[in-house]
Amino acid sequence: MSVSPAENFDEQPVILCVTSSRSKRVQMARLMGGHGTLLMFPDLESVRKVLFSETEVTTPAIPGAEVVALGRLVVDPDRQQVSWAGMALPLTRIEREMLAALASPPLRVWTYGQLYGRAWGADYLDDASAVRSAVKRLRAKLRNASATVMVESMRGVGFSLVDTGGEASAAVGDGGVALVR
């Protein structure tokens, strides 16, 4: 992409760049080289916020958000709490949302796009690095808590949650998932 000097335009161009990749945003800024106005956003939700003057961006409501128990893992979306064997896990909002999605019945493989939409509440821009990074942090925190649930990769597709504890999953019923009301 080449950019002509601004004096060749009646007005300076306005370029909109939407990508979650910091390096791509830096690359676009270098290409523009100070010619024109460059608006950069990490996701489409941020663009909507600016364009439609929303004063507050809210996380979309999760239909049927109920407390989910998988073995000794308990995810309470309403209270924004996750615990393993009764001990609270120090998860970020993104990690909590991811784990809530992964633990929700029926247990299944969540694609990168589905996890991104659920955790970030924005449209997925085909940049899996943010999802992989959050999953890596989530795995480390589950490991530190000696949890028997783990996030399993499905190469090129996404992630799923598995309970490796055996007896814990048999105690809560079919598939190892129980809804608590």
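1. Of the 181 residues of the protein, what percentage count as buried? The figure is 36%. It should be kept in mind throughout that the model is a predicted one. The protein exposes about 10,700 Å², and carbon and sulfur atoms account for 52% of that area.

2. The secondary structure comprises six helices and 10 strands. As to the range of contacts, among those between residues at least 6 apart in sequence, 52% join residues at least 24 apart.

3. The largest nonpolar core contains 32 residues, among which Leu-73, Leu-99 and Leu-161 touch the most other members. At least two residues of this core come from each of the following elements: the strands β3 (67-70), β4 (73-76), β5 (81-84), β8 (149-154) and β9 (158-163), and the helices α3 (93-103), α4 (112-120) and α5 (129-144). The largest share is that of α3, with seven residues.

4. Which residues does Leu-99 touch, not counting residues up to four places away in sequence? They are Leu-73, Val-75, Val-82, Leu-91, Leu-138, Leu-142 and Leu-161. Two of these, Leu-73 and Leu-161, are named together with Leu-99 as the core residues that touch the most other members.

5. Helix α3 deserves a point of its own. Because 10 of its 11 residues are buried, α3 is largely enclosed by the rest of the structure. The buried residues are Ile-94, Glu-95, Arg-96, Glu-97, Met-98, Leu-99, Ala-100, Ala-101, Leu-102 and Ala-103.

6. A parallel pair is found elsewhere in the chain. Strand β1 (residues 14-18) and strand β2 (residues 37-41) run parallel and are joined by five bridges. From β1 the chain passes through helix α1 (residues 22-32) to reach β2, in a β-α-β crossover that is right-handed. Within the pair, Val-18 is placed opposite Phe-41 of β2.

7. Although the two residues are 28 apart along the chain, their C-alpha atoms are separated by 9.1 Å. Ser-46 belongs to helix α2 (residues 44-51). Its relative accessibility is 23%, so Ser-46 counts as partly exposed.

8. Is Asp-76 buried or exposed? With a relative accessibility of 13%, Asp-76 counts as buried. This residue is part of strand β4. Not counting residues up to four places away in sequence, Asp-76 touches Val-67 and Gln-81.

9. Gln-80, in the loop between β4 and β5, has a positive phi, near 55 degrees. Ala-85, in the loop between β5 and β6 (87-88), likewise has a positive phi, of about 50 degrees. Gln-80 counts as partly exposed because its relative accessibility is 34%. Ala-85 counts as partly exposed because its relative accessibility is 43%.

10. Which residues does a cis peptide bond join? They are Pro-105 and Pro-106, with omega at about -10 degrees. Pro-106 is located in the loop between α3 and β7.

Notes: Residues numbered from 1 in each chain as written. Predicted model: local features only at pLDDT ≥ 70, side-chain atom pairs only at ≥ 80, totals over all residues. Heavy atoms only, no water. Core = buried A, V, L, I, M, F, W, Y, C linked by side-chain atoms within 4.5 Å. Buried < 20%, exposed > 50% of the residue type's maximum accessible area, 1.4 Å probe, protein only. Helix = DSSP H or I, 4+ residues; strand = E, 2+ residues; numbered from the N terminus. Contact = heavy atoms within 4.5 Å. Pairing = 2+ DSSP bridges. Right-handed = clockwise from strand over helix to strand, strands pointing away. Areas by Shrake-Rupley, 256 points an atom, 1.4 Å probe, with all protein chains shown as cover.
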